[in-house]
Amino acid sequence: MTRPRLFLALLLLLAGGCRKEDAATPAPGYHVIDRARDLDPDDSVLEVDLVAAPAEVEIVEDLTSDNAWAYNGSLSGPLLEAKLGDTVKVHFRNELPSATTVHWHGLRVPAEMDGTMLMMDPVPGSGGTFEFEFTLRDTGLFWYHPHMNTDSAMERGLYAPFLVRDPAEPKELTDLPEDILVLDDVSVSLSGKIDLPSGMDSMDGLEGKLLLVNGRPDAVLPLRAGEIRRWRLLNAASARYFLLELPGHSFHVIGTDGGRIEEPYDTDKLLLTPGERYDVLVRGVGE
């Protein structure tokens with residue numbers, strides 16, 4: 001009997017006190033992903049340093065995972081943010097003990113920049129470098145990760161979001177408070193080490209016991225009664241399907257993997273398969 005390939009998990013994203021409060025924006029109850037520092041003052045160019053290296057991260061409180069890999073030392077890696085038509089320059093350095101690549105998932109880039117081993121040589125470990133450069137042709141939420149030893153590399157923590165904004169987007173959307181939420185799962189041993197895939201897990205992916213939002217468990221999202229927030233969602237897990245539900249609320253879907261959609265719709269539940277993205281609006285209810 002073969003192992004089923006479809007896995008389903010229920011993740012309840014709990015609104016942080018859906019009640020009327022003062023006008024101040026509540027502090028996020030989740031880890032906010034750092035933006036990569038732009039090295040170029042030109043507004044039409046995003047230039048960043050990106051380093052893949054072994055890292056020590058604290059996924060479980062007071063427990064260090066010393067076998068993690070990370071981009072720029074953080075889990076998730078840094079957010080790359082630019083706009084349609086911008087030029088992207090990434091100075092990549094590989095400090096891992098093995099070769100790797102960077103794949104720009106969902107973005108249309110030149111073949112030699114795509115990070116697949118069919119199109120480019122892997123970047124050697126222990127200091128190998130590569131210069132990525134491409135122009136952004138699509139808008140929406142994308143992400144980047146290795147395309148070499150992908151199962152174990154991503155399980156260790158090598159993944160991060162890439163947001164491409166649309167300068168023509170209406171003001172009623174750009175003025176909304178926005179949360180970028182990268183979903184993942186992981187298992188951590190009592191010693192703190194991240195469990196890595198083996199055997200059939202290398203083909204089917206590995207389901208972890210901890211559900212993560214932006215690299216941390218137990219996320220609580222800020223949402224006041226009457227407030228509308230924009231959630232950009234990404235499933236970075238290797239195997240887990242996330243079924244999202246917020247009791248008493250609905251998701252107003254305005255975009256998917258391909259960016260904004262022409263006919264938005266409402267739904268009570270969202271199913272995110274590995275690699276899938278959604279762009280949704282949520283209105284807080286309650287008193």
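User: What makes a group of residues a nonpolar core here, and which members touch the most others?

Analyst: A nonpolar core is a set of buried Ala, Val, Leu, Ile, Met, Phe, Trp, Tyr and Cys residues joined through side-chain atoms within 4.5 Å. The largest one has 30 residues, of which F92, W104, L107, F132, F134, Y144 and F162 touch the most other members. At least two residues each come from β3, β4, β5 (80-83), β6, β8, β9 (140-145) and β10 (160-165). The largest share, four residues, is supplied by β3. Strands are DSSP runs of E with at least two residues, numbered from the N terminus.

The model is predicted: local features need pLDDT of at least 70 and side-chain atom pairs count only at pLDDT 80 or more, whereas totals for chains, interfaces and linings use all residues. Residues are numbered from 1 along each chain as its sequence is written, and side-chain values use heavy atoms, with hydrogens and water left out.

User: Which residues does F162 touch?

Analyst: Contact means heavy atoms within 4.5 Å. Leaving aside residues up to four places away in sequence, F162 touches L79, L80, V88, W104, L107, F134, L136, G140, L141, F142, W143 and Y144.

User: How do you know which strands are at the edges of the open sheet of four strands?

Analyst: Two strands pair if DSSP finds at least two bridges between them. The order in this sheet is β4-β3-β6-β8, with mixed pairing. Strands β4 (63-71) and β8 (128-135) each pair on one side only, and they are the edge strands. On average, neighbouring strands of the sheet are turned by 25 degrees against each other, direction ignored; the axes are lines fitted to C-alpha atoms.

User: What makes β3 and β6 a pair?

Analyst: Eight bridges join β3 (residues 45-60) to β6 (residues 87-94), and the definition asks for at least two, so the two strands count as paired. They run parallel. L46 stands opposite V88 in β6.

User: Why is the contact between R108 and D138 called a salt bridge?

Analyst: A salt bridge is a side-chain nitrogen of Lys or Arg within 4 Å of a carboxyl oxygen of Asp or Glu. The side chains of R108 and D138 meet at 2.9 Å, N to O, so the pair meets the definition. The structure holds 19 salt bridges.

User: What links D179 and R229?

Analyst: D179 forms a salt bridge with R229, with the closest N and O atoms 2.8 Å apart. The pair links distant parts of the chain, D179 in strand β11 and R229 in strand β14, 50 residues apart. With a relative accessible area of 1%, D179 is buried; R229, at 5%, is buried.

User: Where is T100 found, and is T100 buried or exposed?

Analyst: T100 is in the loop between β6 and β7. The relative accessible area of T100 is 3%, which is under 20%, so T100 is called buried.

Notes:
Axes are lines fitted to C-alpha atoms, for helices over the stretch in contact, and angles run from 0 to 180 degrees between N-to-C directions. Buried means under 20% relative accessible area, exposed over 50%, partly exposed in between (1.4 Å probe, protein chains only).
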